[in-house]
Amino acid sequence: MPVRTRAGNSRRRVPKELNGVSHSANESPQHHIDDNNNLNKLLPLPELSRLHASLTIAIVSLLCYWNSCNGDFVFDDSEAILNNKDLRPEAPIWTLFIHDFWGGKLDSNESHKSYRPLTVLTFRLNYWLANGYHPWGFHFVNVVLHAVVSMLSLRIYAVFFEDRVRMKTGQVSQASFLCSLIFAVHPVHTESVAGVVGRADLLCALFFFLSFLCYVKCCSASADEPIQSSLNYLLLSVVLCAVAMLCKEQGITALGICCAYDLIIVCKVDIVRVLQNAFRKKKPLPTEQEDISWMRGLFYRQFALVLTGVSLLIARWQIMGSAPPRFQVSDNPASFEKSLLSRFINYNYIYSINIWLLVHPWWLCFDWSMGCIPLIQSAKDVRILAVLAMWVSLGGLMLYCFFGKDLYFRRLLTIGLAFLIVPFLPASNFFFRVGFVVAERVLYLSSVGSCLIVVLGAVAISRKPPMRKALSVAVSAVLLFYSIRTVQRTSEWLTEEKLFTSGQAVCPLNAKVHYNIGKVRSTQQRDEEALAYYREAVRLNPTYSDALNNLGNLLKEKGEISEAEKLLERAVDSSKAFAAGWMNLGTVKAALNKMQEAETCYKNAIRYRKKYPDAFFNLGNLYIDWNRDAEAVAAFRKAVKLKSDHVGAWMNHILLLDKTDKRTEGIELAYEALKHIPDESSIHFNLGNMLGQEKRFKEAEKHFLRALELNPVQPEIRGNLGVLYHRWGKLNEAEKCYMEALAADPQSANIRENLEKLKRTKRNISNGF
C-alpha cells in the first residue's frame, strides 16, 4: 500500500526508491495485498467481521478475568488504595497532582517517585461511586478495561495485517484476530488485571494504543485531505501520549513506537540498503533520482516526537523533585553490583526471564525480589546458558529483520521486536535503576510485540503444508493453555493468603514471600506459624527490617521481651530511617524500664516520620510514667492534631487531666473529642464518669446511655451507670444496673460490693435511718 504523507505541504508524493526507502520498485501495492492474503490463508482461523471479532475477544477476556471481581484488596492494593488518603472525599482533588501513586509527597526520600495522578483519580471515582472501599467495583473496572484494551489491540494489529479491500468490507484478518486473542488471554496480564494497582498498566495501555492509532491516521491521511487533518492527528497523538504517561511512566514509550512505525512501515526504511548506498562509489544518475520532498514530512513528524519526548522527560524530572528515587539492595540486587560485567550478565539473565514469562507464563509470582533470583557470580553458573539462548534467539530474529528475503515479513517482524523492546526500556535498568527485579505488570505492553512475533512464527511454520494440521492443534493448545492458566492465576489473586502461598512454590528463596505469609498468619492469630515464616524470612535475608520488626513485635506480645529488643535493634540498624522500627523498639525499651532509651527511640521515629501520631502517643505515655505531665499533654495534643480520631491520645489526655484534678478541663476536652469521634463509647463513658463526679447527673446519664448504645456488652458501663443512679438517689434504677452488670460479669468484686452497699442503703431507708 503506497503511503501518501507529508507535513508542511499541501501535496503528498511518495518516492519509488531512494537511499534504502523502497516502495513500488520492490514492493508494489498489489504485492502488499497478496502478502496479506497469503499470510492469512495460512492460519487455521475463521475470517470474521470487525464487530464479531471484537465481541469475541471481549467475551473471551471477560470470561478469563471475571472471577477476579470477587477478589479482595491484596498486596500493593493496601498501600495504594486503603491507606491512600488522596482517595477520600475530604482530600482536595488537587493533591492528586502533587503526591505520588501511594499518596505520599514526591519530594520525600521515602517516595518511589511514581507519578500517576490520572490512575489515582479513577480510584477516587471508584471510592465515590461505591461510597467506600468495596473491592468488587474496583476489580470490575479493571476487568472491563482489559477487555477494552484487548479489543483495541485488534485495531493495532490491523494496522500491520489488513489490506485496503478487507478494511473497506469490515473484515478482520485471521492474523490480527489471533494476535488479539493471545493478548486477551495471556496469563502474564493477570497481575495488571486482578491487582487493583494494575489499573495503571491498563490505563497506560489504553491511551498508548490511542496515541499510536492517531499517529497512524496522521501518517496515512489521504492526499485529498487538508494538511490540517494530518497535523490535528499528530497533535492528538502526542497529547494522548502525555495522558498515558500520567497513568504510568511507561506511556512515554508510545513515542518510540510511533517513530519505529513511521520508519519501518510508513517509509519502509531498509537499513542495509541505506548503508549500501552510503558506501557506494557510483552515485545514482539524475534520471535514477526520485523526488525527496516527502522526507520533509518525515522530518517534521520525527521532530515533533523528539520535542514531545524531551518536554515530557523534563517535566517529569521537575515533578519528582529533580532527584531519582532511592532503593535498597534487596529491591534490585543486580543494580548494586560494582562490576560492570556482573551487572551486564545479571541484567541479561533478568531479560531472559522476562522473555520466558511471555512465552511460557507458568511460573508467575507477585514479587521477584529478595533473593528470588540469586545473582550470577561465576562463569560456571549454568544460568549463563539462558543468556546465550536469549541472544541467539534475538540475534536470529534481528538478522532476518536485516537480511530476510521476504520484505513484508521482515517489516512485520521488526515492528514486533519494536513493540517487544521499546515499552520494556524503562524497566530495563538501562537508563536508571528500578525498584524491582522482575515485574510481570511491566510486560503488559511488551506482550503486544510477543503476540505478533508468535503469530509470525506460526505463519512461517504453516508455509510447509505438512505442518498445517499440527499448527492448528498447537494454536488451539496455546489458547487453551493460556486461558486455563489465566483463570487459575486469577483465582490465586482473590485473597492474600492464596496469592502469597502461591509465590512460595515459585520463589522459595524470596524472603518477602515468607514475610507476607507470616503477616497473613499473624492476622489469623496463628502465631506459631507466623513466627516460623518470619524467622525464615530473616534467615533468608538477615537485614530485612520489616521482617525483623514484625518478628520482634510478635515476640513482645508473647512476653519474650529480651529477644524482641535484639531483633528490633537489628531492624533499625539495617534501616536507620525505619520510623516504625524505632517506635516499636521504644515500646520494648519502655517495657524494660529503659526510659531514657525509649525516649530516644520515640524521638528518632518522629525524626524520620514527622507526621507520626502513634509515636507522639507513646511518647506521651512515657512522660506520664515519668510524671512529666506538661510534656505528656503536649505529645497527646500533637498526636490528635495529626490524627483527629486517635482514640488513645484523646483518652489518655482526658484521664491525665482527671487524675490531676483538672476535671473541668477534662470535661471540655471530652466534648472536643466527641466532635471528631462522636461514636466512641469510651469517650462517652469517661465523660459520664467525670460529669457524675461533678454531680451533673442528667448530662452524665445521657453519655452513659450513649456508651451503652454503642457498646452494650461492656459490664463496666452498666456498673458505673448504677453508681451514678446510686449517687443520684435513683436506687431502683441503680439496683437494676448492678444486677445486669453482674449477669454480664459475675466475677466482678467491685460491682458486687456496690450492690451490697445499695442494699444496705435501702435497708437503712426502710428502717427509717
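User: Before we start, what does "buried" mean here?

Analyst: Buried means under 20% relative accessible area. Keep in mind that we're looking at a predicted model. Now try the cut-off on cysteine 507: its relative accessible area is 0%, so cysteine 507 is buried.

User: OK, how many disulfides are there?

Analyst: For a disulfide, two cysteine sulfur atoms have to be within 2.5 Å. Cysteine 372 and cysteine 507 pass that test, with their sulfur atoms 1.8 Å apart. The count comes to 1 disulfide.

User: How many residues apart in sequence are the parts that cysteine 372 and cysteine 507 tie together?

Analyst: Look at where each partner sits. Cysteine 372 is in the loop between helix 14 and helix 15, while cysteine 507 is in the loop between helix 19 and helix 20. So the pair ties together parts that lie 135 residues apart in sequence.

User: Is that disulfide left-handed or right-handed?

Analyst: Check the torsion about the S-S bond of cysteine 372 and cysteine 507, which is about -40 degrees. Because of that torsion, the disulfide is left-handed.

User: What about asparagine 348: buried or exposed?

Analyst: Asparagine 348 is found in helix 14. A polar atom of its side chain lies 2.6 Å from the backbone oxygen of phenylalanine 344. Leaving aside neighbours within four places in sequence, asparagine 348 touches Val387, Met390 and Trp391. Its relative accessibility is 3%, so asparagine 348 counts as buried.

User: Are helix 11 and helix 16 roughly parallel or roughly antiparallel?

Analyst: Start with the axes of helix 11 (residues 254-266) and helix 16 (residues 407-421), which come within 10 Å and cross at roughly 170 degrees. Angles over 145 degrees count as roughly antiparallel. Therefore helix 11 and helix 16 are roughly antiparallel.

User: How many residues of the contact of helix 11 with helix 16 are nonpolar?

Analyst: Helix 11 brings Ile257, Ala260, Tyr261, Ile264 and Ile265 to the contact. From helix 16 come Arg411, Thr414, Ile415, Ala418 and Phe419. Sorting the residues of this contact gives 1 charged, 1 polar and, for the kind you asked about, 8 nonpolar.

Terms used. Residues are numbered from 1 along each chain as its sequence is written. This is a predicted model: local features need pLDDT of at least 70, side-chain atom pairs count only at pLDDT 80 or more; totals for chains, interfaces and linings use all residues. Side-chain values use heavy atoms; hydrogens and water are left out. Helices (H or I, at least four residues) and strands (E, at least two) are DSSP runs, numbered from the N terminus. Buried means under 20% relative accessible area, exposed over 50%, partly exposed in between (1.4 Å probe, protein chains only). A polar contact is a pair of N or O atoms within 3.5 Å; within protein, one must be able to donate a hydrogen and the other to accept it, and residues adjacent in sequence count only if both atoms are side-chain atoms. Contact means heavy atoms within 4.5 Å. Axes are lines fitted to C-alpha atoms, for helices over the stretch in contact, and angles run from 0 to 180 degrees between N-to-C directions. Angles under 35 degrees count as roughly parallel, over 145 as roughly antiparallel, 65 to 115 as roughly perpendicular and the rest as oblique. Ala, Val, Leu, Ile, Met, Phe, Trp, Tyr, Cys and Pro count as nonpolar, Asp, Glu, Lys and Arg as charged, and the others, Gly among them, as polar.
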